[in-house]
Amino acid sequence: MLRLVTIFLLFIFAFPVQAQTGVGMPPPEGSTVLFDGTRELLDENWTYWEGPRLAAELPIKWKIVGDPVDDGTVVSSKDSSAAGGLYGAADIVTKKKFRDFRLHVEFLITETGGNSGVYLQNRYEIQVLDGDSTIHGMAAVINEKISPYWPYNGTGQWNAYDVVFRAARFEEGKRVEPAMVTLYFNGVKVHENVSIQQVWGGPNSGIDGGNDEGRGITDTPEGLKLQAEGHDVRYRNIWIHELDLLEPDTDF
């Protein structure tokens, strides 16, 4: 019996269980479902981000539409107020604000070159952009860590981001540790413990974007944001689980 237990433990350590990630991943116990495909949760949990370029008015004009692949409904980011790539004009953000968390988001790009973005704490963008594998491209920690493009399923197919995020830490009002993120893209770990130095894209991009050219990060929890750039990018199955990460480690 002892020999069997030893073999089992060796197996566990040699082949660790992979994090449960990817398309269709249900929310674990204790999570908050931010969007389930219904208008009810869209209006209950989300609002327009009141940034300097806001042009949209409530109620949210992102439309609930049929899922192009599976049964059910999803939401489209094609808001006319953001036509022509005017990010910040019709971005939606959660009403609740978060510090450290585990996040799951599923997205489908309907057209070549489709563009959106997932903003952690309404500051740090994980890019959603078909056809771009640069530091500004798909699944990039934008302008900080280059796109790991290859796990992308392509247009017309669902994709999933699974994230653990740790907010920046401050002492006496001064940032002493940058924000940090680990990201799985369609079940593949593509970024591990990436430190994020600043907000990119200026004041229309997110909170603190206009502070010292994005380097003036403030010590506030903020919401999850989805970007509108006038493209038809669909979202579904968005949930979040709040964490309290004492150590600077987001690996999972």
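Contact here means heavy atoms within 4.5 Å. With that in hand, here are some close-up views of this predicted model.

**View 1. Asp 232 and the residues around it.** Leaving aside residues up to four places away in sequence, Asp 232 touches Ser 76, Ser 77, Lys 78, Leu 108, Ile 109, Thr 110 and Glu 111. One of these neighbours, Ser 76, also makes a polar contact with Asp 232, side chain to side chain, at 2.7 Å. Is Asp 232 buried or exposed? Its relative accessibility is 12%, so Asp 232 counts as buried, the cut-off being under 20%.

**View 2. Strand E9, covered along its length.** Strand E9 spans residues 159-166 and is mostly covered, with eight of its eight residues buried. In a regular strand, side chains alternate between the two faces of the sheet. You can follow this in E9: Asn 159, Tyr 161, Val 163 and Phe 165 point one way, while Ala 160, Asp 162, Val 164 and Arg 166 point the other way. Residues pointing either way are all buried.

**View 3. The two partners of E9.** Which strands pair with E9? One is strand E6 (residues 100-109), which pairs with E9 in the antiparallel sense over seven bridges. To find your place in this pairing, look for Arg 102, whose bridge partner in E9 is Val 164. Another is strand E12 (residues 179-185), also antiparallel to E9, over six bridges. Here a handy landmark is Phe 165, which has Val 181 as its bridge partner in E12.

**View 4. An open sheet of five strands.** The strands of this sheet run in the order E2-E5-E14-E7-E8, and their pairing is antiparallel.

**View 5. The largest nonpolar core.** In soluble globular proteins, nonpolar side chains tend to be buried together. The largest nonpolar core in this model has 49 residues. Those with the most contacts inside it are Trp 46, Leu 103, Val 118, Leu 120, Tyr 161, Tyr 235 and Ile 238. Which strand gives the most to this core? That is E6, with five residues.

View 6. Most residues other than glycine have a negative phi, and most peptide bonds are trans. The spots below are worth a look with that in mind.

- Leu 58 and Pro 59 are joined by a cis peptide bond, with omega at about 5°. Pro 59 lies in the loop between E2 and strand E3 (64-66).
- Ala 139 is not a glycine, yet its phi is positive, at about 65°. Ala 139 sits in the loop between E8 and E9, and it is buried, with a relative accessible area of 0%.
- Asp 208 is not a glycine either, and its phi is positive at about 75°. You will find Asp 208 in the loop between strand E13 (188-196) and E14. At 8% relative accessibility, Asp 208 counts as buried.

Technical notes:
Residues numbered from 1 in each chain as written. Predicted model: local features only at pLDDT ≥ 70, side-chain atom pairs only at ≥ 80, totals over all residues. Heavy atoms only, no water. Buried < 20%, exposed > 50% of the residue type's maximum accessible area, 1.4 Å probe, protein only. Helix = DSSP H or I, 4+ residues; strand = E, 2+ residues; numbered from the N terminus. Pairing = 2+ DSSP bridges. Core = buried A, V, L, I, M, F, W, Y, C linked by side-chain atoms within 4.5 Å. Polar contact = N/O pair within 3.5 Å; in protein donor to acceptor, adjacent residues only side chain to side chain.
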